[in-house]
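Notebook open, structure loaded. I want to look up a few spots and jot down what sits where.

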Amino acid sequence: MISTVATTPFEGQKPGTSGLRKKVRVFQQPNYAENFIQSVFDVAERPAGSTLVIGGDGRFHNRTVIQQAIRIAAANGYARVLVGKGGILSTPAASHVIRKYGASGGLILSASHNPGGPEEDFGIKYNIANGGPAPEAVTEAIYARTQTIDRWLMVEGDDIDLDRIGSSQVGDMVAQVIDPVADYADLMEELFDFPAIRATAANGAVTTAFDAMHAVTGPYAHEILERRLGFPAGTVRNGTPLEDFGGHHPDPNLVHAAELYDLMMSSAAPTIGAASDGDGDRNLIIGKSVFITPSDSLAMLAANAHLAPAYAGGLKGIARSMPTSTAADKVAEALGIPAWETPTGWKFFGTLLDAGKATICGEESAGTGSDHVREKDGLWAVLLWLNILAVTGKPVAKLAQEHWARFGRNYYARHDYEAIETANANALMAALEDALAGLPGRSFGPLTVSAADQFAYTDPVDGSESRNQGVRVMFACGSRIVFRLSGTGTEGATLRVYLERYEAPDGRLAEETPAMLADLIAAAEAIAGIAAHTGRTAPDVVT
Ligand code: G16
């Protein structure tokens, strides 16, 4: 039986960089999740008889919202939902399942790298039929609907058993619980040279440590790295998904994956260390004694992708988000393929991938992926690295040195100032915008500004426009500072300052990053008045 539940709109159900992210207690309010899910169904393109995919990263509140979503989907005319066993589907696996089974879309329940637990974060993201995050036109329509919603629909009935693979009936809809790992693992086996990787795992030529951070990639990594590729048991660390990620912050960076970093800098380091985040779309890559920045990883993967079977025919193009370093552009130039620069947010890559304009995409925020799905993919990046290591027989540090000697090196860091007062952050950005016109020609220490603007983007495929995507300050020497406010936080505002300095192949390629960026750090403070606006004299996180 279908019930209609009267409701009133909530303020602020506006999807950010990647879906709606709020504290769990916000989502626990009666009607809060229901309003948002119903708004999605009210605006989503979903022909009669559609299939919906539902899965999440296993964080606290995941199972509750999945049961709600199933009841609401059944009342809204879906013919079938596919749900990952235990409510689990990594974000890239969900993207694959949407594509493989021809679903009209999917709900991904995750707050990604944000902490989990009753006092922490939750999120809901809608992906469209291509498997990728809904583009801005759709998220804006969803938001508009949340502001006028007056009812949501549900089929009454018991919860379905999320822990048993099989089908059950919810009203007229079939709810099918699927193995969350199998389809994804099969896809990875198609893309990469598993026999070559397996051989290096068997003879010990390549060793690896993968930190799943008690998040969603544990089951995927156990299956792929240990069972299918034969790396020894124990290769996957923190491999059991926990609702609160063991109390940790499931963000694969040098701060939150410090244990892995320490291992990789020690004499006991394996060939490669890697980690992924809450929902499995981000990656961290550290070679023995060498951290590879996400921007460099994108460039190095693109330069060597032809060594993996899926990319042996070459790449169609490389796309990166604007704040990501320009290292990948140099690779695109050498390969004679286009380089695309998009706003922050994986959703902006979807049109380029669908149109065959790009094969590999990446972001400074630890995301890399390809046209195999429409999300960034943490384990994909790790497997492509393993494939490259297996085929070349070279250690990560050597690959990096050779890359920089050929393309030059983009020293890079991101400084985050977290949970600052929203009003102060907005004032900082407004002052920066006001100052833009007067910046060209001014010098800050040895750096002279050559151009400064607010990044705007016109999608080359569908012509849609996105403005105010971050302030760029470019210097005559080729260095760059970008300022923008994060769109994924749940507390106050987070200011991100992205610093980049390029050294040509005949330049200083083997220096320490902080020293190389010192002048840019000082210039960022002088230009933006970070301390004056925020009261902070140092970033909370440096990645
Ligand atoms: C999301 C988006 C990414 C983006 C990142 C950081 O990642 O999918 O495209 O780069 O947020 O965004 P912001 O700088 O606005 O916080 P994830 O892994 O959180 O879904």
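I started with the neighbours of N410. Leaving out residues up to four places away in sequence, I find N410 touching D296, S325, T326, A327, K330, E500, R501 and Y502. This is a predicted model, so I keep that in mind throughout. N410 itself lies in strand β19, which covers residues 409-420.

Is N410 buried or exposed? I get a relative accessibility of 3% for N410, so with the cut-off at under 20% it goes down as buried. I also checked its side chain: N410 makes a polar contact with the side chain of E500, at 2.8 Å.

Next entry, Q469. I located Q469 in the loop between β23 (465-466) and β24 (471-475). Q469 is buried too, because its relative accessible area of 14% is under 20%. Which residues does Q469 touch, not counting those up to four places away in sequence? My list for Q469 reads E136, M322, P343, Q454, F455 and R484.

Last entry, a helix pair. I looked at α6 (residues 182-191) against α8 (residues 217-228): they pack at about 45°, and their axes are 10 Å apart. That angle makes α6 oblique to α8. I noted the crossing of α6 and α8 as right-handed.

For the contact itself, I wrote down A182, Y184, A185, D186, M188 and E189 on the α6 side, meeting Y220, E223, I224 and R228 on the α8 side. Sorted by class, the contact of α6 with α8 has six nonpolar and four charged residues, and no polar ones.

How values were computed. Residues numbered from 1 in each chain as written. Predicted model: local features only at pLDDT ≥ 70, side-chain atom pairs only at ≥ 80, totals over all residues. Heavy atoms only, no water. Axes fitted to C-alpha atoms, helices over the stretch in contact; angles between N-to-C directions. Helix = DSSP H or I, 4+ residues; strand = E, 2+ residues; numbered from the N terminus. Parallel < 35°, antiparallel > 145°, perpendicular 65-115°, else oblique. Left-handed = near helix turned anticlockwise from the far one by under 90°. Contact = heavy atoms within 4.5 Å. Nonpolar A, V, L, I, M, F, W, Y, C, P; charged D, E, K, R; others polar. Buried < 20%, exposed > 50% of the residue type's maximum accessible area, 1.4 Å probe, protein only. Polar contact = N/O pair within 3.5 Å; in protein donor to acceptor, adjacent residues only side chain to side chain.
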